[in-house]
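Please open the model in your viewer and keep the selection panel at hand. The stops below go from a cavity to a pocket and then to a pair of helices.

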Amino acid sequence: MKIGIFALQGAFLEHRQSLEKLGAETIEIRRRAHFSDGLDGIVLPGGESTVQGKFLREEGLLNPVKQAVEGGLPVFGTCAGLILLAKELTNDRNVYLGTMDVTVKRNAYGRQLGSFRADVELKPVGLFPAVFIRAPYIEKAGTNVDVLAEQDGKIVAARQDNMFVTAFHPELTEDLRAHAYFLDMVRGK
């Protein structure tokens with residue numbers, strides 16, 4: 001199983017380490033040439049969504065990634081990755097991939113000083129240690145979206161078909177269950 005990880009910024013190395021501990025082969029995507037048809041899934045890590053969106057456009061990756069996700073390629077988006085996948089942002093006019101039927105609020109918990117940790121009930125795996133860093137949350141989810149976790153009444157994890165998103169950073173913990181859940185999605189379980 002080969003997973004592409006967008007490696008422009010954010011904790012892509014930690015995603016890579018988590019996936020490799022679970023037996024997946026990984027490739028870092030930094031250029032259009034790195035995004036191939038041989039990928040079984042992709043990870044859109046945290047970081048700054050506007051920078052990542054600009055990167056996708058400049059590298060000619062926006063449409064190929066959008067088409068791949070719409071075609072069923074499994075994707076795991078964390079924090080900024082959630083923003084990139086959202087069909088609508090309440091506090092930003094940009095829409096990037098726009099493949100997931102969610103409305104997201106960027107930086108919903110405030111600036112860096114508003115970062116925190118909390119245990120959330122992540123439905124597929126149980127109680128999970130979530131790390132929120134300038135995190136977004138989902139304000140509205142379409143009827144075809146499964147809400148997988150909430151924090152203080154806000155949606156912080158969801159799944160729609162081949163798309164799994166978290167507002168938090170599972171790669172910054174030692175807990176591999178969110179990544180294992182994504183790999184199960186890739187395997188079609």
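Begin by selecting helix α2 (residues 49-58), which gives the largest share of the lining of the largest cavity, three residues; helices here are DSSP runs (H or I, at least four residues), as strands are (E, at least two), numbered from the N terminus. The model is a predicted one, in which local features need pLDDT of at least 70 and side-chain atom pairs count only at pLDDT 80 or more, while totals for chains, interfaces and linings use all residues. Residues are numbered from 1 along each chain as its sequence is written, and side-chain values use heavy atoms, with hydrogens and water left out.

Next, select the whole cavity lining: Phe 6, Leu 8, Gln 9, Leu 44, Pro 45, Gln 52, Phe 55, Leu 56 and Leu 84. A cavity is a set of points, on a 1 Å grid over the protein atoms alone, where a 1.4 Å probe fits but cannot get out, and lining residues have an atom within 4 Å of a point. The largest cavity holds about 50 Å³ of space, a volume being the space filled by probe spheres set on the points, which are joined across faces, edges and corners. Its lining divides into seven nonpolar, two polar and no charged residues, where Ala, Val, Leu, Ile, Met, Phe, Trp, Tyr, Cys and Pro count as nonpolar, Asp, Glu, Lys and Arg as charged, and the others, Gly among them, as polar.

Move on to the largest pocket, with about 170 Å³ of space; a pocket is an open set with protein on both sides within 12 Å along at least five of seven lines. Select Gly 47, Glu 48, Cys 79, Ile 133 and Arg 134, which are the closest to the pocket's centre of the 15 residues that line it. By class, this lining has five nonpolar, seven polar and three charged residues.

Finally, select His 15, Ser 18 and Leu 19 in α1, which meet His 179, Phe 182 and Leu 183 in α5, contact meaning heavy atoms within 4.5 Å. This contact has three nonpolar, three polar and no charged residues.
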